[in-house]
Amino acid sequence: MNYDWMESPVGDLLIAADEGAVRMIAFREGRHSGKVAEGWAEGGTLVAEARRQLDEYFEGRRRRFDLPLAPSGTPFQLRAWKALQEIPYGATRSYGEQARAMGQPRAVRAVGAANGRNPIAIVVPCHRVIGGDGGLTGYGGGLDVKRFLIELEHGQMA
C-alpha cells in the first residue's frame, strides 16, 4: 500500500492506494482518523493523482473525481457508498432519500451507519447527506468540515 499525507482546507488527509485503486482518504483527526500501517510506502502514482484531483476540487476546478476506487466493506456498505457517488456535485440528499434510492426505504439507520464507515472521504461524498429536516448531521471529519464542503460545492465560500 502506498500513502501520503495531504494538507487541505479541511485539515490533513491520509490518502492510501495500492497499484490498482484508492483504498482510503481519511482525516487525521476525527471519529475514524487515518493511520499509516506498518509496511506502507510513501508516494505512488495513484496517490499523487488523488492528491492532484483533491487539490483541484478544493480550488473549485473539479466537480467529478476520476479515480479507481476499492473501498473495503460489507455488501450493504458498498451499495450505500455507490449510492453516495450518484449524488451530484452541489446537491444534498437525506438519509431517507439515499435509502429509497438503494431500494430499501426502511434502512435509513443502516444507511447512516454505512455512511459513517465510508473509508474514502470527499471522493465518496457522504458529506452530501443531511438529516430529513435539512439539518447537518454527523460527519467523520466533524460538522464544521461537512458545512465547509457543502458550502464549497454551493459556491458560497468567500
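Select Tyr-57 and Phe-65 first: both are buried. This is a predicted model, and the stops below follow its side chains and backbone.

**Aromatic pairs**

Now go to Phe-27 and Tyr-139. How many aromatic pairs are there in the model by the ring-centre rule? The count comes to five. In the pair of Phe-27 and Tyr-139 the ring centres are 5.8 Å apart and the planes meet at 75°, so the pair is edge-to-face; planes over 60 degrees apart count as such. This pair links distant parts of the chain, with Phe-27 in strand E3 and Tyr-139 in the loop between E6 and H5, 112 residues apart. Phe-27 counts as buried, at 7% relative accessibility. Tyr-139 is buried too, with a relative accessible area of 8%. Return to Tyr-57 and Phe-65 to see a tilted pair, 5.4 Å centre to centre with 40° between the planes.

One further aromatic ring is worth a selection. Show Trp-5 and Arg-28: Arg-28 lies over the face of Trp-5, at 3.9 Å from the ring centre.

**The sheet**

Switch to a cartoon view and colour the strands. What is the strand order in the open sheet of four strands? The order is E3-E2-E1-E4, and the pairing is mixed. E3 and E4 stand at the edges with a single partner strand each, so one side of each has no neighbour in the sheet.

Select residues 2–6 and 13–17, which are strands E1 and E2; they pair in the antiparallel sense over five bridges. The hairpin they make has six residues between the strands, and within the hairpin Gly-11 takes a positive phi near 105°.

E4 and E1 run parallel and are joined by two bridges. Asn-2 stands opposite Ala-41 in E4. Then centre on Tyr-3, which has a bridge partner in each of two strands: Ala-16 in E2 and Glu-42 in E4.

**Helix H5**

Select residues 143–153. Which residues of helix H5 are buried? They are Val-145, Lys-146, Leu-149, Ile-150, Leu-152 and Glu-153. Around the axis these residues cover an arc of only 160°, which puts them on the same side of H5. To see what they pack against, show strand E3 (22–27), helix H1 (45–58), helix H3 (95–101) and E6. Just after H5, stop at Gly-155, where phi is positive, at about 70°.

**The loop between H4 and E6**

Move to the loop between helix H4 (108–116) and strand E6 (129–130), and pick Ile-122 in it. Most residues other than glycine have a negative phi. Ile-122 has a positive phi of about 70° although it is not a glycine. Is Ile-122 buried or exposed? Ile-122 is buried, with a relative accessible area of 0%.

Asn-118 lies in the loop between H4 and E6 as well. Asn-118 has a relative accessible area of 12%, so it is buried, the cut-off being under 20%. Which residues is Asn-118 in contact with, leaving aside its neighbours within four places in sequence? They are Trp-81, Leu-84, Val-124 and Cys-126.

**Gln-77 in helix H2**

For the last stop, select residues 75–84, helix H2, and find Gln-77 there. Gln-77 counts as buried, at 17% relative accessibility. Apart from its neighbours within four places in sequence, Gln-77 is in contact with Ala-114 and Arg-117.

Key:
Residues are numbered from 1 along each chain as its sequence is written. This is a predicted model: local features need pLDDT of at least 70, side-chain atom pairs count only at pLDDT 80 or more; totals for chains, interfaces and linings use all residues. Side-chain values use heavy atoms; hydrogens and water are left out. Buried means under 20% relative accessible area, exposed over 50%, partly exposed in between (1.4 Å probe, protein chains only). The arc is that of the directions from the helix axis to the C-beta atoms. Contact means heavy atoms within 4.5 Å. Rings of Phe, Tyr and Trp (its six-membered ring) pair if their centres lie within 6.5 Å; planes under 30 degrees apart count as stacked, over 60 as edge-to-face and the rest as tilted. A charge sits over a ring if NZ of Lys or CZ of Arg is within 6 Å of the ring centre and within 35 degrees of the ring normal. Two strands pair if DSSP finds at least two bridges between them.
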